[in-house]
Amino acid sequence: MDALERPVAAQLARRVARDGLQLDYLDCPHWDGTVPRAMTCRGYVDGLVGQVRVHLMMGAPGSGLRFDARLTSGVLATERLEDILRRRGWRQPDCGDRAAYPAEVGVRIVCRVVRGGDETYVVAVVSDRSGAVLITDYHGTGEQG
C-alpha cells in the first residue's frame, strides 16, 4: 500500500471491525493530489472483495489531508445480518461461522433462529449489492431488511 492507502486502510479497518470484519488490504487508483476528491477503491475483507468509497478533503489550515472511507458494497457482515434478524424479532440468530458473505444479488444465507420458543430457520437472500436482504422464514413470511 502507498502513503495514501495506509492511513485510509487504518481508518477503514477500525470501521469494519465494528461489524466483526477484518480488512486485509486496500487497493486504490493513483491519486493525483487534488482535493476535494472522491475515489473508489477495492477493499479485501475476510477473503471477499468489496467496493470502498473514499472522500478526500483538506483539513483545517495546518492539519493536512482529511479523508473518510466506507465499505459501500460487495460484503455482507454476518454480525450485521444477525442484528437485522434480532430487530425483526428472531432470537439467538446463528448465520454460521463465516465473518462475511458476498453481497451479490441472489446469494442465499440460511440462519438458525428462535421464535416463540421454537428453533427454526430463515433464509436471507441478498437483494442488493449494498447488502440489503429479503428474509423469509419457513412459514413463507418475507421481510425486507
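In what order do the four strands of the open sheet come, and is their pairing parallel or antiparallel? The order is β1-β2-β3-β4, and the pairing is antiparallel, where two strands count as paired if DSSP finds at least two bridges between them, and where helices (H or I, at least four residues) and strands (E, at least two) are DSSP runs numbered from the N terminus.

Before I go on, a word about the model, which is a predicted one: local features need pLDDT of at least 70, side-chain atom pairs count only at pLDDT 80 or more, and totals for chains, interfaces and linings use all residues. Residues are numbered from 1 along each chain as its sequence is written, and side-chain values use heavy atoms, with hydrogens and water left out.

Helix α1, residues 5–17, lies across β1, β3 and β4, and it runs at about 50 degrees to β4.

Another is between Arg 42 and Asp 27, at 2.3 Å from N to O, with Arg 42 in strand β2 (residues 37–45) and Asp 27 in strand β1, 15 residues apart. Both ends of this second pair are partly exposed, Arg 42 with a relative accessible area of 42% and Asp 27 at 25%, on a scale where buried means under 20%, exposed over 50% and partly exposed in between (1.4 Å probe, protein chains only).

Now to the disulfides: how many does a search of the whole structure find? There are two, each defined as a pair of cysteine sulfur atoms within 2.5 Å. Cys 28 is joined to Cys 41 with an S to S distance of 2.1 Å, and because Cys 28 lies in the loop between β1 and β2 while Cys 41 is in strand β2, the pair ties together parts that are 13 residues apart in sequence. In the other disulfide, the sulfur atoms of Cys 95 and Cys 111 are 2.1 Å apart, and the torsion about the S-S bond is about 110 degrees, so this disulfide is right-handed. Cys 95 sits in the loop between β6 (91–94) and β7 (100–102), whereas Cys 111 belongs to strand β8 (residues 108–115), and Cys 95 and Cys 111 are both buried.

Finally, the chain as a whole. It has two helices and eleven strands, its C-alpha trace spans about 60 × 25 × 25 Å along the principal axes, and of its 145 residues 38% count as buried.

Key:
Contact = heavy atoms within 4.5 Å. Axes fitted to C-alpha atoms, helices over the stretch in contact; angles between N-to-C directions. Salt bridge = Lys/Arg side-chain N within 4 Å of Asp/Glu carboxyl O.
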